[in-house]
Amino acid sequence: MKKKPENTANILLEPFKPYAASMLWTLQRQYFEEMGIDAWRSGEVPHYVTSNPRHARAYAETILGLYRDLRSMAGTAAVIEPIPILELGGGSGRMAFYILRQLEELCADEGIALEQFRYILTDFTQRNLDSWRVHPRFAAYFERGLLDITLLDATAPGPIELQMSGLEIRPAQYAVPLVLVANYLFDSIPQELVYVKDGNCHPVQVALHLPSALAAASPAQVLDNLEMQYALQPVDATLAASEAIQNLLAQYATAVDEAFLLIPALGMDCIAYLRSLSRRGVVLLTADKGSQILENVAYAHPPAFATHGSISHNVNYHALLSYCLQSGGLGYFPSHRTTSVNTGCLLFVENAIHYRETIAAVRKSLLDSSPDTYFAVYKSMRNHLEHMEMEDLMAGLRLGMYDSHQLGVYIARIGELLPTLRSDDAADLVEVMHRCWENYYPLAEDRDLATLIGSVCYTLDAYAEALFYFGHSTGIYGGYTGTYYNMAVCHHMLGDAAKAVALLEMVVLHDPGNAEAQALLAEYVGAESHLRMEDLQLEAI
């Protein structure tokens, strides 16, 4: 079975190879290695739907449920070792920050020390680890020993050495289950592709063709312009050696009449390796495009992948769920059809049914009120912003657990509504924005959230608060005369002449055409600031 490329000007980029061994995945790695954090900073690689405070709260509640189960099993007097949380493919680092933040809040409410948890953030490229190491939002967690980082390739996991503490994680290291976080991971690593017909599973090979003009293009351009050619291998061709994969293929051979299926073989191997690190197994929290329903992962034609700088497939969660059940575990996914992201929990542990608090948290946070359901509500609000009133926007921000991204989307509408804001609601708005700021994980994106919040505070005559955000803007994006002028006005309104003059002198020096700064400085004729710019304590987050 072959699909011929339509463009005869194409060149053969790669001859037939098994799908999982295709150059597709080499190009994928090259893209992430070259882009580093810029892949997420630019928004080219989508991640918001699986990296937001509401989603993190669902995971944190599940992890806290696991802690309660372990505490109950051990007895109140027993010492429980810290629960390890390992995130695969941490990317920007945002989800790790959100989970730690949510855990911190929940632990404070219940009187549990956050030291009962250890977060291990991983990726396959050192560039991402280097960015996490210096990110100011992680500094306190590093200092407390609550967060560590390590190189870990989900396609070929091996010995894990933590780069902050220097500790090595060995097989059977943990006496408690390892929590595994895998968001937008299984869709982006190599998949096996099989064609099932008449009770047989044929491994599928793929050849890659590319327009000759793009022969020297970037990985993203190549991935976006590939044309595929497929060929079936004999039934007895070797696909995978693991017993779990063979059991899965046998299941599909009897359950499927005729279809193409993606098999997350490397993902299953990765889970198996990570299970070996704990004597109690793994609790997998995962979110991705995909389905756990067999009919939805069996395709009439070879499945296409989405391109967004990198590539991604829908995940065959049916295979991962079957693997978990065959291992004696339990798995949970929403029973309703999800539209943007499917989120589930797989308990690869003995006597999984005894983890009652964990399961209750999963039902409450991942099933009954799934992240996909929340995202649908957020999208509806985003698409009808022009009709939203201030109380609607505030409700959305509270529902989203004070989501800074959401605030960035709403803030233009908030600015439009400021003239209608009642004076007694202004303090509430400032408080909501500040709680969103505390959830902000900056990547120096194009949207300068600090300046936007500062401008709202300025309009509300909340000058001290405005100074706080303008200072953070200069810390993240560097100094601009417009920002310094705004800060000077805030100091002027607060009666701090010395700081106002210092800033105004600097603005006029670098932007002599700024008439507003010239006029305000003239009001201070004869005043001397006696301050240097570094004395103003401009803030980085």
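1. Ser322 is buried, at a relative accessible area of 9%; buried means under 20% relative accessible area, exposed means over 50%, and partly exposed lies in between (1.4 Å probe, protein chains only). Ser322 belongs to helix H11 (residues 317-326). Helices (H or I, at least four residues) and strands (E, at least two) are DSSP runs numbered from the N terminus. A polar atom of the Ser322 side chain lies 2.9 Å from the backbone oxygen of His318. Apart from residues up to four places away in sequence, Ser322 touches Leu248 and Gln251, where contact means heavy atoms within 4.5 Å.

2. A remark on the source is in order. The model is predicted, so that local features need pLDDT of at least 70 and side-chain atom pairs count only at pLDDT 80 or more, while totals for chains, interfaces and linings use all residues. Residues are numbered from 1 along each chain as its sequence is written, and side-chain values use heavy atoms, with hydrogens and water left out.

3. Arg101 is placed in helix H4 (residues 94-110) and counts as buried, at 17% relative accessibility. Its side chain makes a polar contact of 3.2 Å with the side chain of Asn439. A polar contact is a pair of N or O atoms within 3.5 Å; within protein, one must be able to donate a hydrogen and the other to accept it, and residues adjacent in sequence count only if both atoms are side-chain atoms. With neighbours within four places in sequence set aside, Arg101 is in contact with Tyr141, Glu438 and Asn439.

4. The largest nonpolar core has 117 residues, and Phe117 and Phe138 have the most contacts inside it. Such a core is a set of buried Ala, Val, Leu, Ile, Met, Phe, Trp, Tyr and Cys residues joined through side-chain atoms within 4.5 Å. Beyond its neighbours within four places in sequence, Phe138 is in contact with Gly93, Ala96, Phe97, Leu121, Trp132, Leu147 and Tyr441. A second, separate core of 48 residues includes Ile245, Ile271, Val282 and Tyr317.

5. Val349 occupies the loop between strand E18 (342-348) and helix H12 (356-368) and is buried, with a relative accessible area of 4%. Excluding neighbours within four places in sequence, its contacts include Pro177, Arg280, Val282 and Tyr355. The C-alpha atoms of Val349 and Leu103 are separated by 22 Å, and the two residues are 246 residues apart along the chain.

6. Helices H20 (residues 497-510) and H21 (residues 515-522) have axes that come within 9 Å and cross at roughly 140°. Axes are lines fitted to C-alpha atoms, for helices over the stretch in contact, and angles run from 0 to 180 degrees between N-to-C directions. H20 and H21 are therefore oblique to each other, since angles under 35 degrees count as roughly parallel, over 145 as roughly antiparallel, 65 to 115 as roughly perpendicular and the rest as oblique.

7. Two positive phi values deserve attention. Most residues other than glycine have a negative phi. Asp198, which is not a glycine, has a positive phi of about 55°; Asp198 lies in the loop between strand E8 (192-197) and strand E9 (200-211) and is exposed, with a relative accessible area of 64%. Ala444 has a positive phi near 60°. Ala444 lies in the loop between helix H16 (423-438) and helix H17 (449-459) and is partly exposed, at 36% relative accessible area.
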